[in-house]
Amino acid sequence: QVRLVESGGGSVQAGGSLRLSCAASGATFSGNCMGWFRQAPGKGREEVAVIAIISSGTSTNYADSVKGRFTISRDSANNAVYLQMNSLKPDDTGMYYCAARPGYHLTVASCRRALGYNDNYWGQGTQVTVSS
């Protein structure tokens with residue numbers, strides 16, 4: 001099966017930047033739907049950003065709290081997904097997880113729904129801590 005490994009987390013001051021990476025290992029991943037989620041202490045899992053490579057091009061969706069600050073991208077050739085995080089805030093603190101779905105999804109909306117299923121591929125998580 002596909003295994004996802006996140007990296008790039010760490011501690012940064014407010015206003016700083018981090019770039020998270022998610023690399024696939026093991027079996028080759030051929031799906032077009034990947035995303036980033038996060039969970040802060042005492043809070044539920046939050047969808048941060050989702051990317052789907054569809055017929056019309058690349059389609060993305062961002063949580064309102066990160067729009068304009070975060071950018072999700074994917075290197076399909078290397079089966080990797082990235083999250084560039086700029087202008088970080090203390091509220092961005094949490095454990096960040098990479099997720100992926102096999103198969104093809106027609107829209108980013110269907111991709112988002114599919115990432116809620118319990119048979120996704122998940123990484124182990126990487127911690128992001130933003131201090132004021």
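This briefing covers the overall build of the chain and then one of its strands, β11. The model is predicted; local features need pLDDT of at least 70, side-chain atom pairs count only at pLDDT 80 or more, and totals for chains, interfaces and linings use all residues. Residues are numbered from 1 along each chain as its sequence is written, and side-chain values use heavy atoms, leaving out hydrogens and water.

**Overall build**
- The chain holds one helix and eleven strands; helices (H or I, at least four residues) and strands (E, at least two) are DSSP runs, numbered from the N terminus.
- In sequence order the pattern is β-β-β-β-β-β-β-β-β-α-β-β.
- The radius of gyration, taken over C-alpha atoms, is 14 Å, close to the 14 Å of the globule rule for 132 residues, so the chain is as compact as a globular protein of that length. That rule is 2.2 Å times the number of residues to the power 0.38.
- The C-alpha trace spans about 40 × 30 × 25 Å along its principal axes.

**Burial**
- Of the 132 residues, 45% count as buried. Buried means under 20% relative accessible area, exposed over 50%, and partly exposed in between (1.4 Å probe, protein chains only).

**Strand β11**
- β11 covers residues 126-131, and its side chains alternate.
- Thr126, Val128 and Val130 point to one face and are buried.
- Strand β2 (residues 10-13) pairs with β11 in the parallel sense over four bridges; pairing takes at least two DSSP bridges.
- Valine 12 has valine 130 as its bridge partner in β11.
- Strand β9 (residues 94-101) runs antiparallel to β11, joined by three bridges.
- Glycine 94 stands opposite valine 128 in β11.
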